[in-house]
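Work through the exercises below with the sequence and the model side by side. Try each task before reading its solution.

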Amino acid sequence: MASFTDSIMQFNPYVQQLPVEAMAKVGMYKQQKYEEGVQKIQSYIDNVAGLDVVKPLHKQYLQSKLDELGGKLKSVAAGDFSNFQLVNSVGGMATQIAKDPTVQSAVASTQYVRKGQQDMETARKAGKSSVQNEAWFNNKLNGWLNNNDINASFSDYYVEYTDIEKKLRDVAKDVHEYDRSIEMPFQRDNAGNVLYFDKNGNVTTPDKGQSRIDEVLLKTKVKGKSAQKILDNFYSSIDENDKRQLNIDGWYHYRGYTGDSFKQKITSDITSSYNMKKDIISKEIVKISTELSGNSKLTKEQRDALTAKMNEYTDLVNKGGIDKELNEKLSNIGRISDDELKGSVYMEKTLNKLATDISYQDIETEYKDNPYFNALMKKKDLAFKYSEAVRDQKNKDRDYGLSLERLNIEKFKLTKDAAGKDIIFENLGTSTDKTLPTLGDLQNGITGLDGEMQNFNRENAPFIISGYNEMNDVQKREAMNSLVDQYQANPSSITDNNKRKILDQWIGMQTDMTRRMSNYVNITQKAKPFDDAINNIADSLPGYVKNGTQIYSAKEIRSITSDINRFTSSLQLNKFGVPIGGGVTDWGKMKQVYANSKYLPIINVIEKRQKSGLASLVGEEMEIAKTLDNIRSQVREKSAKISKDKDNFINTELGKIMPQYQDEVGTLDKEDKITMGKVDNLIGNMYGIASQLGGKIDSEKFDPAIITAWRTGKQASDLKYVVKRKADMSQGTLQIFNGNEVQEIPLNSKQLGRYFPQAAKGHPLDSAKYMIMGSPTKTTNSSGVVDGGPSGALNAAFTGDQLPLLAGSKYSSLVRFDIEGASDNDGGDEDLYQIRMYVNDNGIWKDDVVNKEGFAKLDGVFAIMQNIGTKKYQEIKDSK
């Protein structure tokens with residue numbers, strides 16, 4: 001029988017209990033996610049660590065944040081980085097660093113830095129960069145980099161350079177040139193009679209007064225480009241980009257100036273800028289005045305607008321408006337930020353200077369019947385471009401000052417040891433204790449100089465002009481002028497040394513006369529706004545009315561009466577061209593011009609009244625005459641204050657440019673035994689005059705008892721001794737100060753030189769300095785020429801006789817020179833100058849600046865003069 005063992009057993013298939021393959025796949029997937037998690041975390045860290053941060057302080061801050069993150073990662077280093085929650089958590093930590101405000105500011109600031117550096121390099125390659133723009137950006141960058149404030153950000157950018165000067169010069173090209181002419185006569189009444197004025201400006205008789213030049217008989221031509229118009233165009237064309245460039249230029253200009261040096265520099269620039277502004281406005285007043293007088297096509301609205309503008313400018317110049325602006329600007333120093341001040345001051349100075357440099361204004365005055373210079377004007381017109389100080393020429397040889405001044409310097413060198421230490425003087429401005437000069441004084445000086453010229457001619461002309469005594473006055477004048485012109489054009493044409501000396505002296509007198517004439521014309525031109533104001537009063541009055549209808553307006557009447565001067569000629573002149581009487585009116589010619597006009601009755605009335613008197617007039621003639629008298633009377637009454645203001649203005653302007661009206665003070669060194677010994681001598685002598693000799697000291701502030709008490713009391717060591725003098729050393733005062741109290745001892749010129757010789761010597765070139773101060777073109781040249789040429793040579797102030805190495809030699813008469821001041825000179829000790837030398841080469845005048853290496857102060861100019869010799873003469877002569 002069969003067994004179960006005989007049978008083969010059947011088993012079910014094996015079923016795997018764990019999914020090994022699935023588990024393997026899961027493991028591999030998880031490992032992949034783990035690695036991805038690690039990589040993602042590493043990218044978070046790399047992104048943060050790779051942030052572009054340029055500032056070292058920010059780099060340290062970022063590194064500290066990364067270190068914090070690293071510390072946190074250590075705590076999860078064994079974590080499952082396949083878990084995205086853990087990865088995202090770590091990513092959040094890294095993101096927090098990127099979102100940190102300080103880190104974001106650092107990154108943004110760095111982007112500004114990189115962009116600025118890239119723009120600067122691009123601009124440099126394109127030729128659109130500049131030293132100042134690069135320096136400005138780098139200065140801003142370095143300031144931020146060195147700032148220890150972690151929260152400070154940088155947002156500046158490189159500014160591409162803008163050529164401001166090129167742009168402004170292009171703007172200036174659009175400014176039109178102006179060209180106007182006006183005629184100006186002597187001042188006359190409505191009947192055509194010359195008016196004579198006493199010293200106080202009141203009308204008087206010819207034997208008690210002097211005539212005054214009015215502008216009508218002087219044909220004045222004003223031509224040029226207005227600096228004010230250019231300046232106005234500048235300001236209207238400047239945009240924010242231009243202002244930014246000017247601010248950068250201003251920052252660069254003042255770099256290196258700090259503290260007191262910055263205050264001094266900014267003060268100097270502000271003052272210089274406002275001096276230029278005053279000069280620009282003064283020239284604009286002349287231009288507007290000429291436009292009002294010479295442009296008959298102006299409408300009423302245009303004339304009113306110009307008049308208002310001129311009044312505005314006149315107030316700025318004459319009533320302290322510009323000075324007030326200057327003081328306000330100076331008060332900003334230390335009150336507003338230095339950077340703001342730098343930008344505004346630099347922009348204003350730059351625009352003023354550029355407008356001044358680009359502009360030009362030529363004022364040519366053609367004298368037909370010049371009251372003082374008729375003889376010279378027959379041969380050439382004189383362009384008066386300046387207002388120079390009237391100089392009292394006292395030396396008999398008429399060597400025009402410098403020779404004697406050099407001798408005076410030598411004298412002071414010899415007595416220096418006996419004189420004590422030098423005294424440093426400061427200018428106080430126009431004197432308040434001396435009556436200011438008037439036009440009458442100026443005319444008296446002209447008349448006096450004319451007398452000197454007549455005497456000189458009478459004594460010397462017969463020696464240099466054959467047959468002189470047999471000539472009539474006209475022939476004598478023409479003969480002298482002909483010889484002078486020949487000598488001025490070609491000094492080599494005169495070989496006789498005696499002739500040369502006489503001619504040099506005569507030319508010196510002529511030059512002095514020219515200066516006085518120039519002074520007169522320029523001052524009266526400056527006062528023109530006052531005359532315009534008076535004319536406006538006259539024009540506003542009622543005219544001639546008949547049967548309720550106005551026949552002639554006041555303006556028409558004034559126009560006709562003024563036009564009479566145009567037909568008045570044949571001035572009575574002496575042989576030197578100086579007027580000694582009024583002119584003659586050509587009534588016939590005037591009537592021809594007005595034959596068909598409604599104004600002929602006015603002309604007939606004035607002619608009849610002038611020839612036959614007021615009683616000869618009847619009917620309507622008398623009514624017209626009464627209207628003329630009424631207008632004249634009302635104008636005189638209503639313009640009294642304006643006339644007084646005009647006189648004060650003229651007197652003040654004259655005082656500014658005349659050294660005898662300028663005060664200077666210098667403090668004595670009490671340690672200087674020589675000087676204090678002179679003080680003791682002076683006080684002792686004054687005691688003697690005041691007490692022992694019974695005399696009187698001309699001073700209300702001199703009391704011997706008070707001075708003795710001061711000098712012997714406890715306050716003796718605190719006393720201050722000051723010498724106050726006139727700039728021309730004509731007089732002075734010793735002032736003794738005890739706190740706010742003062743005692744004064746007056747000194748005449750001899751006493752000033754005797755007791756304080758170092759205070760009486762002045763500077764050898766003081767006269768030249770005042771000539772330059774009075775000249776709009778800042779030169780000693782009598783015609784204001786500053787660019788050389790034959791005209792400059794003929795009107796040069798000085799000859800080779802004022803140069804020690806050439807004086808008395810054969811070269812002296814072939815050399816002339818002028819001293820020219822820098823454009824921003826203001827009369828101070830820091831003023832700068834150059835010498836323009838002229839050399840005659842066989843009748844051709846050549847010129848050049850001697851100190852080409854740069855301007856020099858007054859002492860430097862004097863030193864240069866001592867070394868100008870034949871080498872410099874030959875150098876200029878050989879030039880092309």
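**Exercise 1.** Find which residues Y594 touches, not counting residues up to four places away in sequence.

*Solution.* Contact means heavy atoms within 4.5 Å. By that rule, Y594 touches I560, D563, R566, F567, Y599, L600 and I603. The model is predicted: local features need pLDDT of at least 70, side-chain atom pairs count only at pLDDT 80 or more, and totals for chains, interfaces and linings use all residues. Residues are numbered from 1 along each chain as its sequence is written, and side-chain values use heavy atoms, with hydrogens and water left out.

**Exercise 2.** Describe the largest nonpolar core.

*Solution.* Such a core is a set of buried Ala, Val, Leu, Ile, Met, Phe, Trp, Tyr and Cys residues joined through side-chain atoms within 4.5 Å; buried means under 20% relative accessible area (1.4 Å probe, protein chains only). The largest one has 39 residues, and Y594 is among those with the most contacts inside it. Its largest share, 6 residues, comes from helix α23 (helices are DSSP runs of H or I, at least four residues, numbered from the N terminus). Apart from this core lies another, of 37 residues, including A172 and F234.

**Exercise 3.** Classify the ring pair of F137 and F154.

*Solution.* Rings of Phe, Tyr and Trp (its six-membered ring) pair if their centres lie within 6.5 Å; planes under 30 degrees apart count as stacked, over 60 as edge-to-face and the rest as tilted. Here the centres are 6.1 Å apart and the planes stand at 80°, so the pair is edge-to-face. Both F137 and F154 are buried.

Conventions
Buried means under 20% relative accessible area, exposed over 50%, partly exposed in between (1.4 Å probe, protein chains only). Helices (H or I, at least four residues) and strands (E, at least two) are DSSP runs, numbered from the N terminus.
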